[in-house]
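The sequence and the model come first.

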Amino acid sequence: MRDFKSIRYRREHRGAIIEITLRDDREIRSNGDLMVKVMRVYIAGPIGDAPDKNRPAFDAAAEEWRGRGCFVINPLDLVPEGTEQGECMRIDIAALLTCDMVVMLPGWTKSKGARAEHVVA
């Protein structure tokens, strides 16, 4: 993934300003004498056609990876409800570019958005 300090996304959408800033502010954790940079993980999977936007699967994966000590980006938490899919994908891809790893949820191959995220990763 790319090395950066921050990515800022700002756009007007339906009369409102959507503004998201993603910073590479991962903390350094000490494990005895070893200093470890926290891994940043992006969760990708089917959203659009899934019941409840597949939130239970996204939340379970996020909890699992947080339990492993990772900083997790869940795309369902990034954009306001009602945002168009194209706009969501622009925001999600910007977030994905900040990550060290992508976790692909079951059914991702049937999702255009998740397949695009897989290609970008």
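In which hand does α2 pass α3? The crossing is right-handed, meaning that the near helix is turned clockwise from the far one by less than a right angle. The model is predicted: local features need pLDDT of at least 70, side-chain atom pairs count only at pLDDT 80 or more, and totals for chains, interfaces and linings use all residues. Residues are numbered from 1 along each chain as its sequence is written, and side-chain values use heavy atoms, with hydrogens and water left out.

**Helix pair**
- The axes of α2 (residues 85-96) and α3 (residues 112-120) come within 11 Å and cross at roughly 30°.
- That makes the two helices roughly parallel (angles under 35 degrees).
- On the α2 side, Gln85, Met89, Asp92, Ile93 and Leu96 meet Gly113, Ala116, Glu117 and Val120 of α3 (contact means heavy atoms within 4.5 Å).
- By class, this contact has 5 nonpolar, 2 polar and 2 charged residues (Ala, Val, Leu, Ile, Met, Phe, Trp, Tyr, Cys and Pro count as nonpolar, Asp, Glu, Lys and Arg as charged, and the others, Gly among them, as polar).

**Helix α2**
- Helices are DSSP runs (H or I, at least four residues), numbered from the N terminus.
- In α2, 9 of 12 residues are buried (under 20% relative accessible area, 1.4 Å probe, protein chains only).
- Among them are Glu87, Ile91 and Ala94.

**Cysteine 88**
- Cysteine 88 lies in α2 and is buried, with a relative accessible area of 15%.
- Not counting residues up to four places away in sequence, cysteine 88 touches Val79 and Thr83.
- Its C-alpha atom is separated by 9.4 Å from that of glycine 113, 25 residues apart along the chain.

Technical notes:
Axes fitted to C-alpha atoms, helices over the stretch in contact; angles between N-to-C directions. Parallel < 35°, antiparallel > 145°, perpendicular 65-115°, else oblique. Buried < 20%, exposed > 50% of the residue type's maximum accessible area, 1.4 Å probe, protein only.
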